[in-house]
Amino acid sequence: MAAQLDGVFEAELQKKITESKVLVVGAGGIGCEILKNLVLTGFTDIEIIDLDTIDVSNLNRQFLFHKEHVGKSKANVARESALAFNPNAKIKAYHDSITTNNYGVNFFQQFSIVLNALDNRAARSHVNRLCLTADVPLIESGTAGYNGQVELIKRGLTSCYECVPQPAQKSYPGCTIRNTPSEPIHCIVWAKHLFNQLFGESNEDEDVSPDTADPEAGADVGSAALEKEANEKGNVDRVNTRTWAKQCEYDPEKIFNKLFYDDINYLLSMSNLWKNRTPPKPAKWDAVQEGDGEEGSIVEDSVTRDQKVLSLAQTAKVFGESIKALKEAVGKLPEGDHLVWDKDDKDGMDFVAACANIRAQIFGIPRKSRFEIKSMAGNIIPAIATTNAITAGIVVMRAFRVLQQEYEACKTVYVRLRVNGRNQFIVPETLIIPPKPKCYVCAAKPEVVLKVDTKKLTVREFRDDILIKALNMVSPDVLLDGTGTIVISSEEDEKDCNNDKTLEELKIVNGCILKADDFLQNYELSITVLHKEAGREEAPFEIVADPDSLKPKEEEEKKEAGKQPAAAPVDDAQPSTSKGLNGSSSNGKQSTTVNEVEDDDDDMCIIEDDEDEKPSTSKAAADAVTTPGKSVEKRKHAPEDDEPANKKAKVSSSHPMDDDDDDLVILD
């Protein structure tokens with residue numbers, strides 16, 4: 001080990017390496033490389049945490065894992081493999097989520113440095129906040145294909161992970177998805193919604209197949225509804241699509257005919273839709289089966305099949321097989337439970353790929369291979385092992401600088417596929433980017449403005465969509481400032497009676513100020529509520545991180561005209577979380593309990609936009625930040641023993657963040 005050999009490092013650095021204690025968060029592509037580098041360098045006191053288990057798809061780049069390790073804990077196997085390099089190292093592994101209440105500020109304060117190798121925003125934001133509060137240097141890293149990034153986050157010196165807002169995921173209008181798709185991605189999103197409608201956590205706003213007793217539906221569906229006898233109230237009893245599918249025992253032929261014949265005829269009955277568009281062509285199961293023959297056989301080799309665009313007959317076979325497999329999977333679940341779509345689950349991926357391609361054929365849209373659909377379904381690009389290795393190497397070299405407190409030398413570094421004008425493919429920033437004064441996380445007094453319709457937004461939606469998903473809290477408590485009224489409590493069942501009430505019903509109206517507090521993150525946030533009635537095409541809420549951006553232009557001009565030369569910033573204004581390190585808030589108030597946030601891993605990267613994204617090397621960032629609303633999802637309060645509390649709460653594409661990849665980071 002290098003640090004055990006005199007002369008390899010300077011004596012001071014050699015001593016710091018052997019005496020330091022390091023936390024590695026994430027044991028995926030980058031995490032494995034970092035751990036290997038740490039052990040070979042001579043770090044002997046290391047702890048590593050990861051919630052995930054090893055999948056076959058991990059083996060092509062996570063080289064501490066082998067075939068016999070599939071299904072085992074990543075953290076535990078990474079520890080065992082790393083000890084083979086240096087049996088004298090002391091490595092402690094946690095098969096757990098970093099966002100549980102076991103890993104608070106006191107846990108982080110024991111480390112000299114924290115190295116992040118995570119995949120998702122929620123966990124990254126959580127570690128960011130705890131490191132800021134604990135005043136422990138954090139080295140954030142990630143890769144996206146051939147691009148990589150390494151940056152230092154140090155309280156009061158550099159910008160934090162949340163200083164620059166992350167771009168929102170691209171979303172698609174519901175009417176386009178349901179009625180008038182024109183691109184393969186529209187069919188893929190439709191297929192993912194259909195999976196949830198039939199097998200997953202259904203959201204009525206995302207249901208894509210009308211129920212089977214809709215009198216207005218076209219073809220046999222509508223006529224069958226009209227022939228039914230009315231109930232006591234004179235109405236036709238309607239059966240939702242999932243219930244109907246269960247009643248017909250998930251028969252592939254019946255489901256196929258409903259989705260691709262009855263539902264398409266229903267769309268054709270809306271004649272106005274097709275005045276300037278090519279109308280879809282309904283498909284029936286029997287007609288598709290007639291195409292069976294040589295082209296109807298499915299290639300057994302999964303790799304070859306994934307790269308091939310299957311015929312319609314072959315696709316129908318995949319559709320039927322996946323329906324049967326998913327039916328069995330649902331049957332094994334406890335009553336009331338549901339499946340969660342995962343692009344690495346064969347049956348779920350087969351179902352989405354088959355449904356997307358059949359729908360594409362019906363609408364005259366080019367069909368795609370399973371591999372292409374998998375990439376598009378998760379908005380993902382492959383992870384590259386070489387990029388992971390380069391990035392991890394830079395992480396450990398930056399750790400040397402941090403241990404020597406040479407922070408000015410720790411400028412953000414970008415890895416690029418092609419060299420720049422200075423013949424560099426590893427490109428450093430020209431300067432340290434300082435904290436953003438109006439950051440809603442690391443400012444001395446974090447605050448945001450929330451523009452929302454207080455007459456419609458419920459407390460549940462406020463908690464789940466805004467505080468947890470948009471603002472990355474884990475288990476928030478909320479008080480109405482001035483009255484002391486508890487709006488949301490992290491104590492289970494304490495304030496659940498408020499969940500279905502609107503903000504207005506709790507006297508939260510235009511101009512009110514809410515105090516949100518997350519005990520686990522030692523994070524407090526002041527939220528000023530502005531009432532705004534959202535238009536039909538507008539997001540249900542908007543978050544503005546810089547309240548000054550809302551002031552009238554004239555007022556700003558007057559302010560600028562009378563402004564004296566600015567004084568130097570006060571260093572003693574503590575950035576981040578506005579709480580003491582002992583876990584208590586500035587006013588002594590404390591709250592308890594937390595719920596976990598899923599800490600996932602995959603071999604792909606989330607792409608937030610259709611455009612090529614490049615890390616920004618600009619020092620300035622926009623002061624005003626807007627965050628679009630997201631669909632409402634239920635939040636579980638009672639986590640299972642080895643599962644994060646909101647394990648099944650997947651972020652919708654209208655924000656997923658939500659697919660996952662521990663080797664990747666979203667690059668702005």
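What follows is a short tour of a cavity, a helix and a loop residue.

Keep in mind that this is a predicted model. Start with the empty space inside: rolling a probe the size of a water molecule over the atoms shows where such space is left. Here, the largest cavity holds about 130 Å³. Its lining is made up of 13 residues, and Leu310, Val318, Ala353, Asn357 and Arg370 are the ones that lie nearest the centre. Sorted by class, that lining has 5 nonpolar and 5 charged residues, along with 3 polar ones.

Which helices each supply at least two residues of the lining? They are H13 (312-331), H14 (346-362) and H15 (370-377). H14 gives the largest share, with 4 residues.

Now follow H13. This helix has 20 residues and reaches 29 Å from its first C-alpha to its last, close to the 28 Å expected at 1.5 Å a residue. Its buried residues include Ala313, Gln314, Phe319, Gly320, Ile323, Leu326 and Val330. Val318, one of those nearest the cavity centre, is buried as well. And what do the buried residues of H13 pack against? Their partners are H7 (184-198), H10 (252-268), H11 (285-289) and H14.

Last stop: the loop between strand S2 (45-49) and helix H3 (74-85), where you'll find Leu51. Is Leu51 buried or exposed? Its relative accessibility is 9%, so Leu51 counts as buried, the cut-off being under 20%. Leu51 sits 23 residues from Lys74 in sequence, with 7.6 Å between their C-alpha atoms in space.

Notes
Residues are numbered from 1 along each chain as its sequence is written. This is a predicted model: local features need pLDDT of at least 70, side-chain atom pairs count only at pLDDT 80 or more; totals for chains, interfaces and linings use all residues. Side-chain values use heavy atoms; hydrogens and water are left out. On a 1 Å grid over the protein atoms alone, a cavity is a set of points where a 1.4 Å probe fits but cannot get out, and a pocket is an open set with protein on both sides within 12 Å along at least five of seven lines; lining residues have an atom within 4 Å of a point. Grid points are joined across faces, edges and corners, and a volume is the space filled by probe spheres set on the points. Ala, Val, Leu, Ile, Met, Phe, Trp, Tyr, Cys and Pro count as nonpolar, Asp, Glu, Lys and Arg as charged, and the others, Gly among them, as polar. Buried means under 20% relative accessible area, exposed over 50%, partly exposed in between (1.4 Å probe, protein chains only). The expected span of a helix is 1.5 Å times one less than its number of residues. Contact means heavy atoms within 4.5 Å.
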